[in-house]
Amino acid sequence: MMICMLVLTLNVSGQTTREEIRKDRRVSGGSFLAYPGPQQERLTPVPGGKKPFYISHYGRHGSRHMTKYDDFKYVRNALELASQQHVLTPLGYDVLARVARMEDESHESLGELTALGARQHGQIAERMYHRFPEVFKGATNIEAKSSTSIRSIMSMNYALIALKGLNPRLNIIEKAALRDMHHLFHVDRELTAKSASKENRKVYDDFCSKYPTWQRLVSLLITDTAFVNRNFVGERFGYYMFRIASALQDSDLHDEMTFYDLFTEDEIYKNWKKENAFWYLGYSFCPTSGGEQPYSQRFLLRDIIEKADSCLQQPHPGITLRYGHDTALLPLICLLGINGYDLATTDLDLLEEKGWLDYRAIPMAGNLQIVFYRKNLSDKDVLIKVLLNENEATLPIKTDVAPYYHWQDFRNHYLSLIDAYDAAHSDE
């Protein structure tokens with residue numbers, strides 16, 4: 001089984017993003033990627049006769065509608081103006097109709113969970129139940145907390161409905177309260193200011209300027225170059241157009257139409273590359289954004305550790321479920337250094353080579369599961385396994401039982417990290 005796992009890892013890591021996009025263009029959507037499900041079907045057996053007894057989880061909401069009308073407005077206004085001035089191509093009229101249809105579907109539903117998003121979380125919960133039946137046995141407790149966002153609350157509800165259907169005896173406590181937002185979806189204003197600085201924005205703009213993707217797209221839709229020069233910020237139009245193309249996979253219209261026909265394979269790849277750099281600059285250990293962005297989720301990590309410490313004292317603690325957003329999940333993944341996401345580089349062209357890929361970290365319904373193992377209550381050598389999007393993941397911690405880790409090693413390593421950060425910033 002270990003050999004099978006090694007082969008799977010090599011096959012996945014050996015593919016370039018270009019190859020992955022060629023096989024499935026939806027991958028280029030990055031954070032818009034509709035949850036692909038686990039690539040790893042069989043998990044590595046736990047050593048020493050230990051069994052799973054507790055799961056600590058953080059999940060992003062499932063597929064949703066676009067969150068802002070601006071995503072539609074800029075494209076639609078530009079194409080409608082071109083139509084009024086009789087410079088819109090037949091394809092331009094067709095694209096305008098497609099955009100209008102997608103916008104209409106999102107009317108009064110901005111940011112809300114789609115039917116696909118509901119299914120995703122039900123299916124993730126079902127797989128969790130079947131993978132770790134010992135954890136869900138009997139009248140065990142499930143503590144579920146969500147951010148106050150409706151899409152996160154609904155994601156939590158669909159997961160709990162699925163679990164209750166599998167075991168009606170589950171004792172479920174669910175909550176979505178402002179008091180929990182401090183750790184479920186903490187926004188650190190000082191760190192955010194650094195990532196949003198003029199200097200960091202210039203780094204991003206300079207990077208994007210190396211990969212222009214809008215000229216051919218606009219020429220397909222509009223006949224008059226002078227009109228384009230008068231009315232378009234070309235890169236901005238291309239940006240919104242690709243966001244719409246990426247987001248369609250999360251819509252209930254995803255089987256009925258597409259926007260990927262507007263882009264070449266190379267343009268799709270370059271658009272992904274720019275968006276991946278955006279996420280890296282905003283939420284990673286990138287030096288140009290201060291090199292500390294992941295510490296925004298130190299409160300979430302401390303809650304994970306403290307809650308686990310409490311649950312370890314119980315014979316059958318159950319499950320802790322948390323539901324939130326990509327802007328918390330990604331920095332948490334980076335803070336933990338999962339699969340090398342603690343990468344610190346100023347060379348944005350290295351991200352793909354180093355495996356820093358947004359779509360593998362934060363697709364819609366992206367999730368982190370920490371599974372705890374022991375023989376019995378008196379077994380003090382508790383092991384953990386980390387699953388990123390339901391696939392076994394690595395941590396930057398030494399272990400003699402990979403892909404498992406000793407809980408005390410995990411606990412000591414990460415408490416030291418966040419304690420040191422807090423101490424260094426205590427006077428700010």
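Let us start with a pair of charged side chains: aspartate 24 and arginine 26 form a salt bridge, with their closest N and O atoms 2.9 Å apart. Aspartate 24 is partly exposed at 25% relative accessibility, and arginine 26 is partly exposed as well, at 40%. Keep in mind that this is a predicted model. The protein chain has an average pLDDT of 94, and 96% of the residues score at least 70. Residues 1–13 are a place for caution, with pLDDT under 50 throughout and 14 contacts beyond four places in sequence. Where pLDDT is low, the predicted coordinates should not be read in detail.

**Salt bridges**

Across the whole structure, a search finds 31 salt bridges. Here are some of them, with the distance between N and O atoms.

| Pair | Distance |
|---|---|
| Aspartate 24 and arginine 26 | 2.9 Å |
| Aspartate 261 and arginine 98 | 3.0 Å |
| Arginine 298 and aspartate 188 | 3.1 Å |

Take the salt bridge between aspartate 261 and arginine 98. Aspartate 261 sits in the loop between helix 12 (234–247) and helix 13, while arginine 98 belongs to helix 4 (residues 90–106), so the pair ties together parts that are 163 residues apart in sequence. Aspartate 261 is partly exposed, at 43% relative accessible area, whereas arginine 98 is buried, at 10%.

Arginine 298 and aspartate 188 also form a salt bridge. Arginine 298 lies in helix 14 (residues 298–311) and aspartate 188 in the loop between helix 7 (181–184) and helix 8 (189–195), so this pair ties together parts that are 110 residues apart in sequence. Arginine 298 is buried at 11% relative accessibility, and aspartate 188 is buried at 11% too. Which residues join them in a network of salt bridges? Asp188 and Arg298 are linked with Arg302, Asp419 and Asp422.

**Buried polar side chains**

Histidine 61 is found in the loop between strand 1 (51–60) and helix 3 (70–84). Histidine 61 is buried, with a relative accessible area of 2%, and its side chain makes a polar contact of 3.2 Å with the side chain of arginine 151. Beyond four places in sequence, the contacts of histidine 61 include His121, Ser152, His325 and Met364.

Arginine 322 has its place in strand 4 (residues 318–324) and is buried at 2% relative accessibility. The side chains of arginine 322 and serine 56 are joined by a polar contact of 2.9 Å. Other residues also touch arginine 322, among them Tyr58, Lys145, Leu184 and Asp303.

Is tyrosine 280 buried or exposed? Tyrosine 280, in helix 13 (residues 265–283), is buried, with a relative accessible area of 0%. Leaving out residues up to four places away in sequence, tyrosine 280 touches several others, including Phe285, Leu343, Leu351 and Trp356. Tyrosine 280 and leucine 357 are 77 residues apart in sequence, with 8.9 Å between their C-alpha atoms.

Tyrosine 158, in helix 6 (residues 150–166), is partly exposed at 35% relative accessibility. Together with Ile150, Met154 and Ile161, Tyr158 forms a nonpolar surface patch with about 380 Å² of accessible area.

Helix 15 (residues 326–336) is mostly covered, with ten of its eleven residues buried. Among those buried residues are Asp326, Leu329, Pro331 and Cys334. Just after helix 15 comes glycine 337, with a positive phi of about 70 degrees.

Key
Residues numbered from 1 in each chain as written. Predicted model: local features only at pLDDT ≥ 70, side-chain atom pairs only at ≥ 80, totals over all residues. Heavy atoms only, no water. Helix = DSSP H or I, 4+ residues; strand = E, 2+ residues; numbered from the N terminus. Buried < 20%, exposed > 50% of the residue type's maximum accessible area, 1.4 Å probe, protein only. Polar contact = N/O pair within 3.5 Å; in protein donor to acceptor, adjacent residues only side chain to side chain. Contact = heavy atoms within 4.5 Å. Patch = residues over 30% accessible without salt bridge, like charges linked within 9 Å, V, L, I, M, F, W, Y side chains within 5 Å. Areas by Shrake-Rupley, 256 points an atom, 1.4 Å probe, with all protein chains shown as cover. Salt bridge = Lys/Arg side-chain N within 4 Å of Asp/Glu carboxyl O. pLDDT = per-residue confidence, 0-100.
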